[in-house]
Each structure stands twice: as C-alpha cells, then as structure tokens.
Amino acid sequence: MTKKEWYKDRLLWKANQFKSLSETRLNGEERDNFVDKLHKEYVDSDDEIIFLFFENNKKSWTAITTDKVISYHNNSIYQLKLDSIEKLIDIKKEGISDDDLKYDSNFLFIGHEKLPIWTPNSKILFALMNILRMFPLRKNT
C-alpha cells in the first residue's frame, strides 16, 4: 500500500465517524468541471481529492486530498501538506463567544503557519479538526 493509499484509507475511516461528512464525498456531474479545474491548477497528477466543500458561488472552497489541504477564500489560496500540519490546529475565535463557537465558527488555522482553512459550517469544521489532527500519520512497521 502506498503512502497516499494509506492516507486515503485513514481519511475515509476517520470521516466515517462524522455523519456531517458522509454527504460531502465527491459525486455528481455538476462538480466535474470544478474538480477538473482543481486538478489542473492545484492537485498533483498522482493525488486524489477525497473531500471537497464549497459555497454555491465557489468563492470559498476547501479540498482535502491524499497529500494536502487546499483552501480558497477572500481571493487567496492556502495549501499545506498533511504531514506539515503536525497536529497543530486551532479555531478562529475572534468576535465569537465561547457559547456561540460551536455554531458560528467556519475557519481552522493549521500548522505552524496557522494557515486559514475555510469550512462551510461549524459541523464540518469540528469534523475536519478531528480528522486533520491525525497528521502526520506514523505507519506501524
């Protein structure tokens, strides 16, 4: 099993624990053109998009591949390899009370760089936070 196959297996296994992600797997013809564009511009040829979240206007989106996290919002692109996350994940809390955090958050900050990763809602944010905290994975040998 290659590293990317193993990462795909682990991503899907962990995502299976979160029902909010079950309907976000790539499917449907309406996404084909958008996915093709992502592959041409941001995804390596041997990489696979596992999850894709986007607003209907596609002005904000996030893709999780077998190699990295890619997020586009506010006319900027943010990318970080899964292995570079180093279990460093935080939530944007500015202007949000602790009581409202689980309802109003839609940005994760990942890695040492604290790259902002957009999510469509707080349910997906918390699911992604738990999934991405696995990285980097250590393969048992």
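Buried means under 20% relative accessible area, exposed means over 50%, and partly exposed lies in between (1.4 Å probe, protein chains only). This is a predicted model, where local features need pLDDT of at least 70, side-chain atom pairs count only at pLDDT 80 or more, and totals for chains, interfaces and linings use all residues. Residues are numbered from 1 along each chain as its sequence is written, and side-chain values use heavy atoms, with hydrogens and water left out. The structure holds 5 salt bridges (a side-chain nitrogen of Lys or Arg within 4 Å of a carboxyl oxygen of Asp or Glu). Three of them, including Asp 67 with Lys 81, follow.

**Asp 67 and Lys 81**
- The closest N and O atoms of this salt bridge are 2.5 Å apart.
- The pair joins distant parts of the chain, 14 residues apart: Asp 67 lies in the loop between β2 (61-65) and β3 (68-73), and Lys 81 in strand β4 (residues 76-81).
- Strands (E, at least two residues) and helices (H or I, at least four) are DSSP runs, numbered from the N terminus.
- Asp 67 has a relative accessible area of 15%, so it is buried.
- Lys 81 counts as partly exposed, because its relative accessibility is 42%.

**Asp 46 and Lys 4**
- Their side chains form a salt bridge at 3.0 Å, N to O.
- This pair also links distant parts of the chain, 42 residues apart: Asp 46 sits in the loop between α3 (32-41) and β1 (49-54), Lys 4 in helix α1 (residues 3-15).
- Asp 46 is exposed, at 53% relative accessibility.

**Arg 10 and Asp 9**
- A salt bridge joins these side chains at 3.0 Å, N to O.
- Arg 10 is partly exposed at 22% relative accessible area.
- Asp 9 is partly exposed at 35%.
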